[in-house]
Amino acid sequence: WQQGFVVAQTALAFVLLVGAGLLLRGFVRLNAVSPGFEIKNLTALSLSLPAQRYGSAVQRQDFYERLRERVAGLPGVVEVALAGGLPPSGSSVIISPEGEAEGKSPLKLGPTEFLPYNTIGDDYFRVMKIPLIRGRNFDAQDVPGAPSSIIVNDRMAFRFWGSADPIGQRIRFSPRQPWMTVVGVAGDVRARGLSDESGDLEFYQSMRQQGYFAYATVIIRTAGEQRSLDQEIRSEVHALDSRLPIVSLSSAEMLMRQTLAVPRFCLGLMTGFAGVALMLAAIGLYGVMSYAVTQRTQEIGVRIALGGATGDIVGLVTRSGLALTGIGLVVGIGAALGLTRFLQAMLFEISPLDPTTFAVVAALLAMIGALACYLPARRASRVDPMVALRTE
């Protein structure tokens, strides 16, 4: 029973350590992913204008433009832009639309595909440092009543037009919707968070042309840390409207960290359980081997009295313990091969059967098992044969 518990503890520790290792490797890769824009020294100020005081698009435009100018004049502020929101949570989403490029058959997007879009000001791409690959940015010609302009991301341009130039092409997402003309192609952004591997199609519309909505975000790029400007930014808002609540004021780095909260929690939980299991396995193996040495004191004394070398005694005891560790590893590998597939949804760009993780965890457990066996084995090699034989 004791040996069976050691084998079970070793197998459980292997499964949990493999799970923690997979999550850790995926989390490291996730942290290294570029969101598609420069998040350092970027601040998002989100506001929602009440309809009672800002009922028309003209009133909303006047407020946001004045606020943009005031914030841009603060010391330490480099550039300011307006947008419907800041990725990853600031884009509106069309779910499973049917896109139709003019002159082509409608393209039905898959049931799991999304189409984020954002209304933006003219300075959005420059402030966000999103590259404009082809075409032009929104400008003064994109006004209400003019043909609707749209900027698509690079992935969307390829999906609808392939290698052809999309500039000047028209597209719509419903037969009831007016055609929109593509005026530019922007770089891809992870609009739904760093962990999104679907590769969203995304497009942008002009805030001036579509009308300023009640909810909007003032995007501020600063020369240094944003926290020192928090109070000044709030003061500028309340200088224009003292009754206006601020929905949120936070850095882009903080918003990105929030998207990693779930994988970070899962990693911490799995690592905690794995650490406890590893400790129990080591203590269990050490305890069993210590007890076995005590039970075999006379045998070991006889072996030493008959000329058994210290290395032989150490090897005898260590081999017994390593045999238990080996069995536990075999059982653990089999269990991990079947169970880690349930982690697939939480892993980022890494296979649940990643051989490197399995090998590292197996080596770690083997080393800990060897250490847990070596300490009782060293004690056994120092048994005084006369003391051992007198215990008969």
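Colleague: How much space lies in the largest cavity?

Modeller: About 60 Å³ lies in the largest cavity. A cavity is a set of points on a 1 Å grid over the protein atoms alone where a 1.4 Å probe fits but cannot get out, and the volume is that of probe spheres set on the points. This is a predicted model, where local features need pLDDT of at least 70 and side-chain atom pairs 80 or more, while totals for chains, interfaces and linings use all residues. Residues are numbered from 1 along each chain, and side-chain values use heavy atoms, without hydrogens or water.

Colleague: How many cavities of 30 Å³ or more are there?

Modeller: Two, by this rule.

Colleague: And which residues line the largest cavity?

Modeller: Thr 10, Ala 281, Ala 282, Leu 285, Thr 325, Leu 365, Ile 368 and Gly 369, each with an atom within 4 Å of a point. Helix H8 (261-295) and helix H11 (355-381) each give two or more residues to this lining; helices are DSSP runs (H or I) of at least four residues.

Colleague: Switching topic, which residues touch the most other members of the largest nonpolar core?

Modeller: Phe 14, Tyr 124, Ile 130 and Tyr 204, out of 53 residues. Helix H1 (residues 2-31) supplies the largest share of this core, 11 residues. Core members are buried (under 20% relative accessible area, 1.4 Å probe) and joined through side-chain atoms within 4.5 Å.

Colleague: What is Phe 14 in contact with?

Modeller: Beyond its neighbours within four places in sequence, Phe 14 contacts (heavy atoms within 4.5 Å) Leu 329, Gly 332, Ile 333, Ala 336, Phe 358, Val 361, Ala 362 and Leu 365.

Colleague: Which residues does the second core include?

Modeller: That separate core has 24 residues, among them Tyr 54, Val 71, Met 207 and Tyr 212.

Methods:
Buried < 20%, exposed > 50% of the residue type's maximum accessible area, 1.4 Å probe, protein only. 1 Å grid on protein atoms, 1.4 Å probe; cavity = no way out; pocket = protein on both sides within 12 Å on 5 of 7 lines; lining within 4 Å.
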